[in-house]
Amino acid sequence: MPGRAHPSSTGAVWSHRAIMKLLPVAPLLLLLLTALEARPKPAALKCRTGPLDIVFVIDSSRSVRPFEFETMRRFMTDIISSLDVGPNATRVGVIQYSSQVQNIFSLKTFFTQADMERAINSIVPLAQGTMTGLAIQYAMNVAFSTQEGARPLHKGIPRIAIVVTDGRPQDRVTEVAAQARNAGIEIYAVGIQRADMSSLRAMASLPLEEHVFLVESFELIQQFAKQFQDKLCGVDTCVEREHGCQHSCVSTPGSFYCECNPGYRLNVDGKTCSPIDACADGRHGCQHHCVSVRGSYSCRCRPGYYLSHNKRSCIMIDYCSFGNHSCQHECVSIPNGHYCRCRSGFTLQPDSKSCRATDLCNGVDHGCEFKCVSTDGSYHCVCPEGQQLQADGKTCSKCGAGHVDLVMVIDGSKSVRPQNFELVKQFVNRIVDLLEVSPHGTRVGLVQYSSRVRTEFPLNKYHSADEIKKAVMDVEYMEKGTMTGLALKHMVEHSFSELEGARPLSHNIPRIGLVFTDGRSQDDISEWARRAKESGIVMFAVGVGKAVEEELRAIASEPVEQHFSYSADFTTMTHLVENFSLNICPEEGKGETEIRSPCECEALVQFQTNTVAILQSLTEKIAQMTARLEDLEKQIANKK
């Protein structure tokens with residue numbers, strides 16, 4: 001249009017003129033831009049607040065779809081990339097949860113970002129329920145324990161749990177979250193998409209506005225990660241303050257503390273360091289004495305010893321090797337001297353050098369079950385008439401007069417613990433050693449129980465003691481609960497059935513049930529304990545540790561005192577086998593369930609007979625010696 005300039009053309013003219021004005025300084029601007037491009041770019045900033053113990057608690061329930069779980073992986077790796085990780089810096093652990101909790105790696109597992117990222121990328125989601133309360137409890141009790149790598153609370157290193165979830169918890173979180181916070185854990189609750197805000201607020205630490213976050217979708221969680229990094233990161237107090245540490249400063253939120261180099265200890269002023277006494281740190285390895293010498297040390301031995309070639313261990317001086325001991329049998333070196341010792345079967349005489357043969361039955365723990373007979377420098381065991389000496393050379397023939405069907409019901413609950421369960425199996429095999437096992441003799445079955453019941457082997461499975469003992473040692477520990485009532489029901493309905501090897505009641509073969517437990521039952525035992533006894537089963541109850549006497553008595557047959565035993569500790573329960581051996585053998589020739597030792601009367605009679613014979617022999621010898629003394633007295637009197 002005439003009289004009006006087009007805006008674009010005017011702008012173009014102005015731009016052209018401006019360029020013309022800048023032409024003289026163009027080389028200078030080009031040089032400046034080149035220098036700016038060549039200047040090194042700052043590295044990504046690390047979080048330098050000081051050491052933290054951080055555990056990610058990640059929801060991997062079925063509502064989290066695979067591509068959504070991938071964004072959660074990136075959320076964790078993005079935050080970890082901003083942290084200064086290391087054994088003396090920030091430590092990181094990761095757990096995932098659904099209906100159960102799985103530890104991915106603990107605070108002590110990895111100390112590099114690359115290792116952590118590989119572990120995070122290898123996570124396989126659990127894809128089940130949403131037990132957030134269970135996960136927080138695991139984090140409190142396990143993940144933040146010193147055993148799993150958390151620094152002790154007195155170090156003042158913050159413990160931070162980052163809970164990421166997309167739904168409503170299927171269990172209670174309020175109480176367990178409060179316990180975790182009271183235990184010194186700072187909880188950040190991050191909800192995504194479908195998360196329940198009231199549950200997030202119940203989990204998080206105060207103030208809630210700094211610890212509760214709700215992200216609208218998984219796609220936005222990576223943008224949120226940058227904001228979350230700012231929450232974790234703060235001022236490095238070692239840089240910002242005049243710390244005065246002689247060796248090194250360790251920053252904590254709002255404060256710091258000093259540490260010393262290896263070989264030094266922190267003084268009471270909390271800043272300066274002093275050399276450690278080389279002997280005091282316990283790493284010198286001296287067998288006897290450590291002597292500090294100008295920052296180092298040397299080892300010395302007690303009198304009667306000399307230092308070995310390694311300059312740490314001590315060797316006792318062998319005084320016997322000097323050859324002047326005059327011992328008849330053996331010389332034994334001790335610090336600063338020696339003493340003489342006689343061989344087995346001999347006694348050291350008053351001169352402390354010579355030896356004379358002794359009655360070994362009175363001088364050693366011979367272990368003979370019935371009687372020990374001394375010979376020159378040795379001894380041997382004998383048994384009562386009608387019994388045979390066993391292969392061990394000490395015990396007499398076993399109680400084999402009667403046959404029984406024996407089912408042992410052992411507690412495999414979590415409270416027993418693996419090492420004690422091995423002692424229980426040894427206890428079972430000690431009982432098997434008391435029995436004459438055969439298809440037509442004694443039959444043995446084994447049942448284990450915890451929250452459920454499992455027949456390890458029925459009465460008709462094995463036909464020798466060796467087979468049974470091997471099967472017992474192969475039994476695997478069940479763990480979990482203590483359902484003793486359920487085990488009694490299983491024993492009555494199945495273990496003593498003819499299908500599993502119990503002889504018919506018409507055969508009058510005693511049925512014996514032995515129940516072993518270490519704690520209170522989680523179900524009622526009274527009904528099935530009563531039914532067991534009413535069905536003709538003679539019940540024995542063996543308790544260890546926290547076993548409840550009232551329950552043991554309810555299980556045991558009458559008279560109760562003869563049918564239940566208790567030991568305070570697994571390692572001292574071997575005496576229970578002795579009690580059991582006196583009660584398990586039925587009376588010979590009868591199918592009745594009266595319990596007694598069939599060998600007892602015969603053994604007592606034989607013992608009394610032998611004792612009387614010995615006393616008579618001693619009386620005769622005393623009479624002979626008295627007569628000789630009288631003859632000597634008469635001869636002396638006649639000479640006078």
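Trainee: Where does Pro 207 lie?
Mentor: Pro 207 sits in the loop between α7 (197-203) and α8 (208-211). Helices (H or I, at least four residues) and strands (E, at least two) are DSSP runs, numbered from the N terminus. This is a predicted model, in which local features need pLDDT of at least 70 and side-chain atom pairs count only at pLDDT 80 or more, while totals for chains, interfaces and linings use all residues. Residues are numbered from 1 along each chain as its sequence is written, and side-chain values use heavy atoms, with hydrogens and water left out.

Trainee: Is the peptide bond from Leu 206 to Pro 207 cis or trans?
Mentor: Most peptide bonds are trans. The bond from Leu 206 to Pro 207 is cis, with omega near -5°. A cis bond also joins Glu 558 and Pro 559, where omega is about -10°. Pro 559 is in the loop between α16 (549-555) and β26 (564-567).

Trainee: Is phi of Lys 311 positive or negative?
Mentor: Most residues other than glycine have a negative phi. For Lys 311 phi is positive, near 65°. The residue belongs to the loop between β13 (305-307) and β14 (314-316). With a relative accessible area of 55%, Lys 311 is exposed; the cut-offs are under 20% for buried, over 50% for exposed and partly exposed in between, with a 1.4 Å probe and protein chains only. Ser 326 also has a positive phi near 65°, and its place is the loop between β14 and β15 (330-334).

Trainee: In what order do the strands of the open sheet with β3 and β6 run?
Mentor: Strands of a sheet pair through backbone hydrogen bonds, either parallel or antiparallel. Two strands count as paired if DSSP finds at least two bridges between them. The order of this six-stranded open sheet is β3-β2-β1-β4-β5-β6, and the pairing is mixed. At the edges are β3 (101-105) and β6 (212-215), each pairing on one side only. Neighbouring strands are turned by 20° against each other on average, direction ignored; axes are lines fitted to C-alpha atoms, for helices over the stretch in contact, and angles run from 0 to 180 degrees between N-to-C directions.

Trainee: How many bridges join strand β1 to strand β4?
Mentor: Six bridges join β1 (residues 53-59) to β4 (residues 159-165), and the two strands run parallel. Ile 58 stands opposite Val 164 in β4. β4 also pairs with β5 in the parallel sense, over seven bridges, and Thr 165 has Gly 191 of β5 as its bridge partner. Seven of the eight residues of β5 are buried, so that strand is largely enclosed by the rest of the structure.

Trainee: Which strands does helix α5 lie across?
Mentor: Helix α5 (residues 132-143) lies across β1, β2 (91-97), β3, β4 and β5 (185-192), and runs at about 145° to β2.

Trainee: In what order do the six strands from β23 to β26 form a sheet?
Mentor: This open sheet has the order β23-β22-β21-β24-β25-β26, again with mixed pairing. Its edge strands are β23 (453-457) and β26, which each pair on one side only, and the twist averages 20° from one strand to the next. β22 (residues 443-449) and β23 pair in the antiparallel sense over four bridges. Val 447 has Thr 455 in β23 as its bridge partner.

Trainee: At what angle do helices α12 and α13 pack?
Mentor: Helix α12 (residues 418-432) and helix α13 (residues 465-473) pack at about 170°, with their axes 9 Å apart. That makes α12 roughly antiparallel to α13; angles under 35 degrees count as roughly parallel, over 145 as roughly antiparallel, 65 to 115 as roughly perpendicular and the rest as oblique. The contact (heavy atoms within 4.5 Å) includes Val 428 and Val 432 of α12 and Ile 468 and Val 472 of α13.

Trainee: How many aromatic pairs does the structure hold?
Mentor: A pair of aromatic rings is described by the distance of the centres and the angle of the planes. The structure holds seven such pairs. Rings of Phe, Tyr and Trp (its six-membered ring) pair if their centres lie within 6.5 Å; planes under 30 degrees apart count as stacked, over 60 as edge-to-face and the rest as tilted. One of the pairs, Phe 56 with Phe 75, is edge-to-face, at 6.5 Å centre to centre and 85° between the planes. Phe 56 lies in strand β1 and Phe 75 in helix α3 (residues 66-81), so this pair ties together parts that are 19 residues apart in sequence. Phe 56 and Phe 75 are both buried. Phe 427 and Phe 516 form a tilted pair, 5.8 Å centre to centre and 45° between the planes. That pair links distant parts of the chain, 89 residues apart: Phe 427 is in helix α12 and Phe 516 in strand β24 (residues 511-517). Phe 427 and Phe 516 are buried too.
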